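Please look through the model shown here before reading the note.

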Amino acid sequence: MTRSRTASVGAGLVGALVFVEFVSGFLQGYYTPLATDIARHLDINDADVNWFEAAQLLFSALCVPPLSKLGDLIGHQRVLVWSAGLTAVATWGIALSSSFEGYLVFWALQGVFTVWLPLEVALIYRRSIGRPMRAAATRRATGVIVAALQAGAIAGALSAGATSAVFGSLWMVLAVPAVLTVAVVVIIVGFIPGGHEAQHGSLDGPGLALISASLLLVTGGLSLVRVWGAGSPWPWAAIVLGALVLVPFCRHELRTADPIIDLRVMRQPAMWPVQFTALLFGVSVLGAQIPLSTFAQTDPDVHGYGLGLDSTSVAPIIGGYVFSMLVGALLFARISQRSSPRACLIGAAALVGVGYASLLALHGSVIQMAACMVVAGLGSGALVAALPAAAAAAAPEGRTGVATGLTNTTKTIGGSFASCVFGVALAAGATHATAASLSGYYTVWIVCSATAFVAAIGLTFVPRLAFADPVAREEELGR
């Protein structure tokens, strides 16, 4: 009886959220196979496409904390509508722009869609109040919507290749996701209930300003390394200054009754490893996808490496990777019930590390690369589903939006930094006007593997029964 009640928690809500996350995944999968086409359209180097992704990830890192906080304060559904509307405007802007600057601005603004998942998890967690297995219900429902996200990413990757072959104009190809984002706004307004019990608190403007300044300085410094070179002192000065801004930020947050990021909660044994893992996980899941696409589309006859694929034939590789993420997301809830959420998180992070480490030796054919990415994808899918659900279970009541949003914030910070660093690494040593350097790709894979293994080690500090429901804890302790 308990199992059936748990499985049906928020069924109507989850049904609507499945479509929203499908489109979110579509956005994440659609542009990657088109990276080289966009670079040729704008007459820029493959490595420069990373700056679109870096700008988007930085904007995501800046906007997710305040929007998640607003969700707790005024209603998660209301903020979901606002963010979906801005995403639709930005996605149409990408389709209709024809300059590097236009792409950069709209690509950055589109990053607001990253707040959708934490807001959705908060909605689900709130809807499951009173259920006997609330954390398990949240994990199961989160697994379903994350599976929809990965299915959308598969559809996006495969559709990009198909539409690129059908339409002769790039703007028509890029209009496809723009139409879907408009449909998301309609679904949220029409099918997701907007009721919300108001929470006491404020937005913490000074804290938001300080963390925004820190992120802008650090990421801006990394961008200047690409422009001015590693020998210039100014980029490093900006990076150091950005790190120093974190000192007054932390002091302010600890003194504030209602901080934008509650550091007291973040330093709890069940919370900080989750956020630390999200930070490191962002390096691979967000920062490495454009390099994957551009490597596969590099002509080996001209440059001595790459697979020589085009945007149509590279889509199945990316689709296979994302399909394995879907499988990992669906298996997470089942495996965590048989072992524990903590053990599942550790194993998932280790799989990501193994997959990217394997690419160092196995990147000479489509089959080799696909096999490595399937291994990494299984772990990545589990982590995408696990991290927000784990944060929701570890957060105080009324702070689930902030906690789940912070997993996306730290993930996008990791991805933003990685995109900047990878852009520098891929450009360093490049001997061609368009292709990146092979040593840069090795750097990408080494960094992705190392950060995943470090995350696995960090997760061992989580208490053994963390994220489990009270009933499960009692059963475990009674053995």
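1. The model is predicted. Its protein chain contains 21 helices and zero strands. The chain has 479 residues, and 58% of them are buried. Taking contacts between residues at least 6 apart in sequence, 81% join residues at least 24 apart.

2. Cysteines. Zero disulfides turn up in a search of the whole structure. A disulfide is a covalent bond between the sulfur atoms of two cysteines.

3. Cavities. How many cavities of 30 Å³ or more does the structure hold? There are five. The largest cavity has about 590 Å³ of space. Its lining is made of 33 residues, and those nearest the centre are Gln28, Gly29, Phe113, Val285 and Leu286.

4. Lining of the largest cavity. By class, this lining consists of 19 nonpolar, 11 polar and three charged residues. Several helices give at least two residues each to the lining, among them helix H2 (11–30), helix H4 (49–74), helix H8 (134–166) and helix H19 (400–427). Helix H6 (100–110), helix H7 (116–127), helix H14 (289–296) and helix H16 (311–338) also each supply at least two.

5. His76. Helix H5, residues 76–96, is where His76 is placed. With a relative accessibility of 4%, His76 counts as buried. The side chains of His76 and Asp72 are joined by a polar contact of 2.9 Å.

6. Leu80. Leu80 also belongs to helix H5. Is Leu80 buried or exposed? Leu80 is buried, because its relative accessible area is 0%. Setting aside residues up to four places away in sequence, Leu80 touches Leu17, Trp116, Leu119, Glu120, Leu123, Ile188 and Ile192. One of these partners, Trp116, is 36 residues from Leu80 along the chain, and the two C-alpha atoms are separated by 6.3 Å.

7. Trp82. Trp82 is another residue of helix H5. Trp82 counts as partly exposed because its relative accessibility is 46%, a value between the 20% and 50% cut-offs. The residues Trp82 touches, not counting those up to four places away in sequence, are Leu70 and Ile74. Between the C-alpha atoms of Trp82 and Val185 there are 8.6 Å, although these residues are 103 apart along the chain.

8. Thr91. Helix H5 holds Thr91 too. At a relative accessible area of 0%, Thr91 is buried. Apart from neighbours within four places in sequence, Thr91 is in contact with Leu27, Tyr31, Gln110, Pro177, Ala178 and Thr181.

9. Trp171. Trp171 is part of helix H9, residues 170–191. Its relative accessibility is 44%, so Trp171 counts as partly exposed. Trp171 touches Ala95 and Leu96, leaving out residues up to four places away in sequence. Trp171 and Ser98 are 73 residues apart in sequence, with 8.8 Å from C-alpha to C-alpha. The side chain of Trp171 also makes a polar contact of 3.3 Å with the side chain of Ser169.

10. Ser202. Where does Ser202 lie? It is in the loop between H9 and helix H10 (205–228). Ser202 counts as partly exposed because its relative accessibility is 40%. Beyond residues up to four places away in sequence, Ser202 touches Lys69, Leu73 and Asp258.

How values were computed. Residues numbered from 1 in each chain as written. Predicted model: local features only at pLDDT ≥ 70, side-chain atom pairs only at ≥ 80, totals over all residues. Heavy atoms only, no water. Disulfide = S-S within 2.5 Å. 1 Å grid on protein atoms, 1.4 Å probe; cavity = no way out; pocket = protein on both sides within 12 Å on 5 of 7 lines; lining within 4 Å. Points joined across faces, edges and corners; volume = space filled by probe spheres on them. Helix = DSSP H or I, 4+ residues; strand = E, 2+ residues; numbered from the N terminus. Nonpolar A, V, L, I, M, F, W, Y, C, P; charged D, E, K, R; others polar. Buried < 20%, exposed > 50% of the residue type's maximum accessible area, 1.4 Å probe, protein only. Contact = heavy atoms within 4.5 Å. Polar contact = N/O pair within 3.5 Å; in protein donor to acceptor, adjacent residues only side chain to side chain.
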